[in-house]
Amino acid sequence: RIIYRTRLNLSLCVSTHVFFIILMHIEIKRPGDCSGTELKFFKALILKGSEIESPYLMDKIKQAYKLIFIRLDGISVAVGALRYASIHYCEEIFTKAGTPHQKRDYTYEVSWFYVAESKRGCCCGSRLMKAAIEAAEGGACFATAREDNRIMHAIFKRYKFERLGGVYPSLRGNYSLGLFARK
């Protein structure tokens, strides 16, 4: 289990120009090391993001490689996951993006990022990505994001993810998705 404790100055994240220090606690855990309460909390947060619908979601969470939790001053505010990339899922996603020949190049999917709305702009998304990359231990990763999610696109760029292929329609709503990857 990997735990990071970081003191983070949020001066750039606060629009009132008030400077303060909070304690950011980042925890990376195997799903089997999580309590039932942590797993339920993880599920509840990613459902708030409305990006996934599955009656088997808890099973999928338990099959992830690592789960990432961020707490600010002791309050849980963000989650993310590093998932094993199944051949079937990779084939589906990479084909939709128009790059089926690259589907076997990636070990992990960076997935299920969610930051509480009240904490957006406080660097949590960037910290989730940094933790996911560290948890991958050099393994190649891919991720998908809504085409209109400019913040996530900026995080991908910061962490050396490149766009692969073109956009494709989501099955969950009236929006398009893009595929990004990092080797």
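Predicted model: local features only at pLDDT ≥ 70, side-chain atom pairs only at ≥ 80, totals over all residues.
In soluble globular proteins, nonpolar side chains tend to be buried together.

Strand 3 is mostly covered, since seven of its seven residues are buried. Lys66, Ile68, Ile70 and Leu72 point to one side of the strand, while Leu67, Phe69 and Arg71 point to the other, and all are buried. In a regular strand the side chains alternate between the two faces of the sheet.

Strand 3 and strand 4 run antiparallel and are joined by seven bridges. Within this pairing, leucine 67 has alanine 81 of strand 4 as its bridge partner. The hairpin formed by the two strands has two residues between them, and aspartate 73 takes a positive phi near 50° there.

Arginine 83 belongs to strand 4 (residues 75–84). Its relative accessible area is 17%, so arginine 83 is buried. Not counting residues up to four places away in sequence, arginine 83 touches Ala64, Tyr65, Thr107, Tyr108, Glu109, Ser111 and Trp112.

## Aromatic pairs

The whole structure contains eleven aromatic pairs. One of them joins tyrosine 84 and tyrosine 108, whose ring centres are 6.0 Å apart and whose planes stand at 35°, so the pair is tilted. Because tyrosine 84 lies in strand 4 and tyrosine 108 in strand 5, the pair ties together parts that are 24 residues apart in sequence. Tyrosine 108 is buried, with a relative accessible area of 9%.

The rings of phenylalanine 94 and tyrosine 106 have centres 5.6 Å apart and planes at 25°, so this pair is stacked. Phenylalanine 94 is in helix 3 (residues 87–96) and tyrosine 106 is in the loop between helix 3 and strand 5, twelve residues apart. Both residues are buried. Ring pairs also link Tyr89, Phe94, Tyr106 and Phe142 into a cluster.

## Charges over rings

Lysine 66 lies over the face of tyrosine 65, at 5.0 Å from the ring centre. Arginine 146 is placed over the face of tyrosine 175, at 3.6 Å from the ring centre.

Key: Residues numbered from 1 in each chain as written. Heavy atoms only, no water. Helix = DSSP H or I, 4+ residues; strand = E, 2+ residues; numbered from the N terminus. Buried < 20%, exposed > 50% of the residue type's maximum accessible area, 1.4 Å probe, protein only. Contact = heavy atoms within 4.5 Å. Pairing = 2+ DSSP bridges. Phe/Tyr/Trp six-rings, centres within 6.5 Å; stacked < 30°, edge-to-face > 60°. Lys NZ or Arg CZ within 6 Å of the ring centre and 35° of its normal.
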